[in-house]
Amino acid sequence: MHPLRKQRLYVVLSILLGTVIAALLVFKGLSENINLFYSPSDLQNAQINAQIRVGGMVRKDSIIRVENSLRVSFVITDFEKDLVVNYDGILPDLFSEEAGVVVKGKINEEGIFVANEVLAKHDENYMPPEVAKALKDKK
């Protein structure tokens with residue numbers, strides 16, 4: 001093989017290899033950052049310790065605050081199943097009982113959802129679209 005052809009072949013192969021490696025890294029990064037949405041009834045399909053979002057309504061009389069701490073526990077429901085949520089942080093101002101909420105976090109081995117973010121509705125008429133659809137499907 002002519003040395004010039006050999007050099008061109010190496011350049012083309014290295015470009016292809018670099019492109020494949022870059023594509024694999026992009027796909028791996030995107031798959032790790034995906035946040036799937038579930039309702040409490042759909043959680044049997046969720047993986048333990050995988051980052052997910054769960055939405056529903058905060059059950060009445062379910063909010064338990066730990067004194068001298070930011071830790072709070074509450075139950076969200078889609079009117080079929082309930083899910084206990086533990087959160088350690090400042091809750092949104094509009095967080096309340098019988099209000100729509102989306103929590104982001106992981107399910108631990110005991111089946112308790114450990115949230116790292118809590119999102120509440122922003123006015124009287126708004127509910128996150130995923131929560132509204134899930135609740136509508138359950139009724």
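Buried means under 20% relative accessible area, exposed means over 50%, and partly exposed lies in between (1.4 Å probe, protein chains only). The model on screen is predicted, so local features need pLDDT of at least 70 and side-chain atom pairs count only at pLDDT 80 or more, while totals for chains, interfaces and linings use all residues. Residues are numbered from 1 along each chain as its sequence is written, and side-chain values use heavy atoms, with hydrogens and water left out.

**Whole chain.** Helices (H or I, at least four residues) and strands (E, at least two) are DSSP runs, numbered from the N terminus. Of the 139 residues, 31% are buried.

**Core.** Select Val-54, Phe-74, Ile-76, Val-103, Phe-113 and Val-118, which touch the most other members of the 20-residue largest nonpolar core. Such a core is a set of buried Ala, Val, Leu, Ile, Met, Phe, Trp, Tyr and Cys residues joined through side-chain atoms within 4.5 Å. Strands S2 (52-58), S4 (71-77), S5 (82-88), S6 (100-107) and S7 (113-120) each supply at least two of its residues.

**Val-85.** Next, select Val-85 in strand S5. Val-85 has a relative accessible area of 0% and is therefore buried. Leaving aside neighbours within four places in sequence, its contacts (heavy atoms within 4.5 Å) include Phe-74, Val-103 and Phe-113. A C-alpha distance from Val-85 to Ser-73, twelve residues apart along the chain, gives 5.6 Å.

**Salt bridges.** Show charged side chains; the whole structure holds three salt bridges, each a side-chain nitrogen of Lys or Arg within 4 Å of a carboxyl oxygen of Asp or Glu.

- Arg-71 and Asp-88 meet at 3.4 Å, N to O. The pair links strand S4 to strand S5, 17 residues apart. Arg-71, at 45% relative accessibility, is partly exposed, and Asp-88 is partly exposed at 47%.
- Asp-82 and Arg-59 meet at 2.8 Å, N to O. Asp-82 is in strand S5 and Arg-59 in the loop between S2 and strand S3 (64-65), 23 residues apart.
- Glu-117 and Lys-104 have their closest N and O atoms 3.8 Å apart. Glu-117 is in strand S7 and Lys-104 in strand S6.

**Helix H1.** Finish at Leu-13, in helix H1 (residues 3-32). Leu-13 counts as partly exposed because its relative accessibility is 46%.
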